[in-house]
Amino acid sequence: MIIRNKQFPNYRKYEMDYEGRKLTMEVGKLAELCNAAVLVTYGETVVLVTCTASARPKDGTDYFPLSVDFNEKLYAVGRIPGSFMRREGKPSLPAILASRLIDRPMRPLFPTDLRNDVVIACEVLAVDNDCSPEITAMIGASAAVSISDVPFNGPIAGIVLGWDGEKYLFNPTKKERETNRMITTIAATHKKIVMIESEADQVPESVMYEGIVQAHEHLQPVLDLIDKMVEEVGKPKFEYEHAAFDDELFEKLVANEFEGMEYCMDTDDKNVREARVNEWVTAMQEKYGEEHPDMMNFMDEILYKIQKKVVKKWLLAGKRVDGRAMNEIRPLGAEVGVLPVVHGSGLFTRGQTQVLSIATLSTLTDSQKLDTIWEEEEKRFMHHYNMPSYSTGEARASRSTGRREYGHGALVEKALEAVIPDVEDFPYAIRVVSEVLSSNGSTSQGSICGSTLALMDAGVPLKAPVAGISCGLIQDGDDFTTFIDIQGVEDFHGEMDFKVAGTKQGITAIQMDLKNDGLKHEIVKEAFDITREARLQILDEIMLKAIPEPRHELAKTAPKMIQMSINPDKIREVIGSGGKVIQKITADTGCKIDIDDDGTIYIASKDIDACRQARATIEDIVFEPETGMIYEGKVVRVISNLGAFVEIKPGKDAMCHIKDLEFKRTEKVEDVLNVGDTTVVKFLGVDEKGRWNVSRKEALKELGKA
């Protein structure tokens, strides 16, 4: 259905039902100075997506400068930002991941020689928790670029695949997500899968594959709607200045120097390969420099293309750069406990890729607080990934964390989240940092393995160990070859980096990056098959031999934790006026104490005896005597003709009336008890004034001392 608006002559509104909720895309009304703008509404989630492109390329740019920004606004969920400035600052981690989620499937579909700046901005204006803002933005981005004049080989569309253990869920609602065992985001064109990103709870490969196939069908109507928009309001694609390249020189080098490049590439040592390539470049400059004086301006791209030819030729013939078989993993190594003092550490090595992961445990107050448009307000498990320049042998100063590092860190976090013990079983905040010491491909998957080792070394009772592995691809027409455990050069020149992490039971995370126009279903299935086999090999032959199960005790330096529960009505007594009571407990014991609103208390210290002391103090504070129970206490006050006050817990007095002191008549209390005496009493209950009443003679009778 198309609705026209007379106030805006170019206005069009396109509507459809998408998995039970209305999806609308409006054009011709907002942000008209852009190359294209689409207002996308899915349910009550609203995202304005704009596409702008520079009129000409920047001088000296040797790559496609695409920028995708997912701009979350907290007004979209009715909140004011929590920062000092009370306005949005740098993007949150989820926003960065959402930007990458849209960038990765779209980037390969732009012309490889386009050098004009292209910016896709997704402004999140309103969020309905039943309708994913990421999927809404992805659909809008695809539509905006498709109807714009920017060259693009789309469209794509996105969908979220869920599974509750019995049936598939497509774009699951908030309620459906409560029983969901996976969140798998799939982007696709009409014929091919272009992106898979998944977080799952040990889902079998067969279930994951069948769900992806079905999801591909479910997003076809969205692609049809975008095609209709292109047909009716799409602009002709602009002509652009193609990136300069010396085709003549390239053809000469392929014809005359190809064997020399094959020699350069024929080694499993990254440093040796780079040294050989540098010598080759010097030789080519001496040989062809006079005839092609500006050859060095094109040398980076020439190297990329000629090396890609070498790698493709070898892989299609079943040969790999380092001589491995297509299903062979590089030499593996795993160690735990490699660092003193820290709570847990694991070193994982795969070929020339090496990752050191370190686990740190703390109290739940150190959980990360989140201030985003998403529902999650905090997380207790955090993974951070660092890849310094020395890991690739580069002499480059370190800079702030980049989007790639954020993305890899989040991937590892997703891979391990499903096996992290529940807070009730392990009440700790957990942080793991993966330091990439050496990088030659698949560092994120090495981080998954290293982090599993570090967590087990720290004594975290994982539900199951997790390993990760990547699968590569090379294609020649309809023929394709997949290969396991890609190293750097195969990643750089291959067409796919299909990362799969999981346990022996199933998949916990997927991230698929492509450099081509997408995958047919059979390639996805084969990738699942070979990564599962490799994952089991890594677990059984390497990781579980280094540490077969999590340590039964935490490291001496790790905080020891005691968990207890009290009546929520007693929380005020434990905290005290102005926090005086809990501050005193903390000062006396040195413990860190956290109290939840439901009455759950977490007590942490490196000294378990200090934890026990704090617990005993709190138990005394919240103590409620049971009727009929016998307690021993000290007499703290006497009223001669009335009775004695007995302290049965610190600060907890009960009244023993004079008639309840002895079996015979008592004239005055001092005949039986005096201040400072210790006695046994039986708790009788609470009187109408809320006072505790006890009986000494009933206690003696029950103990047989009458």
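**Side-chain contacts**

A: Both F64 and F110 are buried, a term that stands for under 20% relative accessible area, with exposed meaning over 50% and partly exposed the range in between (1.4 Å probe, protein chains only). This is a predicted model, in which local features need pLDDT of at least 70 and side-chain atom pairs count only at pLDDT 80 or more, while totals for chains, interfaces and linings use all residues. Residues are numbered from 1 along each chain as its sequence is written, and side-chain values use heavy atoms, with hydrogens and water left out.

A pair of aromatic rings is described by the distance of the centres and the angle of the planes. Rings of Phe, Tyr and Trp (its six-membered ring) pair if their centres lie within 6.5 Å; planes under 30 degrees apart are called stacked, over 60 edge-to-face, and the rest tilted. Under this rule there are twelve aromatic pairs. One of them joins F64 and F110, whose ring centres are 4.9 Å apart with the planes at 40 degrees, so the pair is tilted. F64 belongs to the loop between β5 (45–53) and β6 (66–72), and F110 to the loop between α1 (93–106) and β7 (118–126), so the contact ties together parts that are 46 residues apart in sequence. The helices (H or I, at least four residues) and strands (E, at least two) are DSSP runs, numbered from the N terminus.

A further aromatic pair, F623 with Y631, is edge-to-face, at 5.4 Å centre to centre and 85 degrees between the planes. F623 is buried, because its relative accessible area is 12%; Y631, at 14%, is likewise counted as buried.

A charge sits over a ring if NZ of Lys or CZ of Arg is within 6 Å of the ring centre and within 35 degrees of the ring normal. The charged end of K29 is placed in this way over the ring of Y11, 5.8 Å from its centre. For K319 over the ring of W314, the distance from the charged end to the ring centre is 4.6 Å.

Side chains of opposite charge can pair when their charged atoms come close. With a salt bridge taken as a side-chain nitrogen of Lys or Arg within 4 Å of a carboxyl oxygen of Asp or Glu, the count is 49. D117 and K58 form one at 3.9 Å, N to O. It links the loop between α1 and β7, which holds D117, to the loop between β5 and β6, which holds K58, 59 residues apart. D117 is partly exposed, at 21% relative accessible area, whereas K58 is exposed, at 53%.

E375 and R177 form a salt bridge with their closest N and O atoms 3.0 Å apart. E375 is in the loop between β15 (368–369) and β16 (378–379) and R177 in helix α3 (residues 174–177), so parts 198 residues apart in sequence are tied together. Both ends are partly exposed: E375 at 38% and R177 at 28%.

E257 and K287 also form a salt bridge, at 2.7 Å between the closest N and O atoms. This pair links helix α6 (residues 247–265), where E257 lies, with helix α7 (residues 270–288), where K287 lies, 30 residues apart. E257 is buried, at 10%, while K287 is exposed, at 55%. Elsewhere, salt bridges with shared partners join R320, D322, R324, R330, R350, D485 and E490 into one network.
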